[in-house]
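Please look through the sequence and the structure below before reading on.

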Amino acid sequence: MNIQWFPGHMTKTRRMIEENIRLCDCVVELCDARCPKSSRNPDLPRLTKGKKLLLVINKCDIADPVVTQKWLERYKSENINVIASSSNDSKGIAKIFDAVREMMKDEIEKNKLKGFVNKPIRIMVCGIPNVGKSSFINKLYGKAAAKAGDRPGVTRGKQWITLKNGMELLDTPGILWPKFDDKEVALRLAYTGAVKDEILDVEELSAHLLKTLSENYADNLKERYKIELEDGLTGYEILERVCRKRGFILKGNEVDYLRGANIVLDEFRGAKLGRISLES
Ligand SMILES: Nc1nc2c(ncn2[C@@H]2O[C@H](COP(=O)(O)OP(=O)(O)OP(=O)(O)O)[C@@H](O)[C@H]2O)c(=O)[nH]1
Ligand SMILES: [Mg+2]
């Protein structure tokens, strides 16, 4: 399966990021905790002209916590400002503000010396589609200010949101990059919902996902679908077992693979299979 998704609105957004970065003091980049490397846009440092960056490993509530901890350590060892977050954890808000202020402490100090005591910090919030940028902003704002939704491509234009503490956040539409060189990267982005399903072969995608999960998270699959998983099964064979167990059978005893595939993807994305990381 050849996965590529780079529609015109992403080209427009890239231009918008390049034009608006001069108005911003720093960047918050959100990546997906289930694949914290594959979900980082390699073009972002160039688009944001090397502005200071806080990496937020988002959706950590549905990733494997042990793996997330290792990613945090790995990125810290590379001197990247990084924190883990999830939109349903309102307790983590102070930690995010602290991380921004710590990253920007020299600039805040300089502003104070110049007499600008309460100059707002302006932050561009960037990341791949559906990673949770708008939800993250809403969490910091305390209520819904930016439209969020469970599919990629919800945010279509830029939107500034001013927080009570004076910080100003710029919500941006999610962007990918023009070509995925690594098939595994493309698959992870598709599994986690960063690529829109309409351009994908969901049966094949789901079969690939089931095969991958059977290698590292077999117990989760057995538990959720009440199926046996002996070694050497193909993804389609696992999908067939899921379909049969759930009664997804068409006329003539044919398996309804499409229905099963959509259910598996939905359940994976909704963490019904447990907290799973795709990249260690
Ligand atoms: N489990 C979990 N779901 C989240 C989290 N953050 C966001 N979501 C869900 O992810 C989906 C996408 O959220 P959005 O905030 O619209 O994502 P976005 O990055 O703004 O997406 P685009 O504007 O389409 O690029 C929604 O269904 C959110 O409820 C999180 O931390 N954990
Ligand atoms: Mg959005």
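The paragraphs that follow go from the domains to the sheet and then to the core.

The model is predicted: local features need pLDDT of at least 70 and side-chain atom pairs count only at pLDDT 80 or more, while totals for chains, interfaces and linings use all residues. Residues are numbered from 1 along each chain as its sequence is written, and chains are lettered from A and ligands numbered from 1 in the order in which they are written.

Domain 1 (8-171) and domain 2 (201-269) come from the domain assignment of the protein, which is an automatic or database one. Their C-alpha centres are 35 Å apart.

An open sheet of six strands has the order β3-β2-β1-β4-β6-β5, with mixed pairing. Strands here are DSSP runs of E, at least two residues long, and helices are runs of H or I of at least four, numbered from the N terminus; two strands pair if DSSP finds at least two bridges between them. β3 (81-84) and β5 (159-162) stand at the edges with a single partner strand each, so one side of each has no neighbour in the sheet. β5 pairs with β6 (residues 168-171) in the antiparallel sense over four bridges. Thr162 has Glu168 in β6 as its bridge partner.

The largest nonpolar core has 67 residues, and Ile57, Ile123, Val125 and Leu239 have the most contacts inside it. Such a core is a set of buried Ala, Val, Leu, Ile, Met, Phe, Trp, Tyr and Cys residues joined through C-beta atoms within 7 Å, where buried means that 20 or more other C-beta atoms lie within 10 Å of a residue's own, with C-beta atoms placed from the backbone. Both domain 1 and domain 2 give residues to this core, so it lies between them.

Conventions:
A residue is buried if 20 or more other C-beta atoms lie within 10 Å of its own, exposed if 12 or fewer, and partly exposed in between; C-beta atoms are placed from the backbone.
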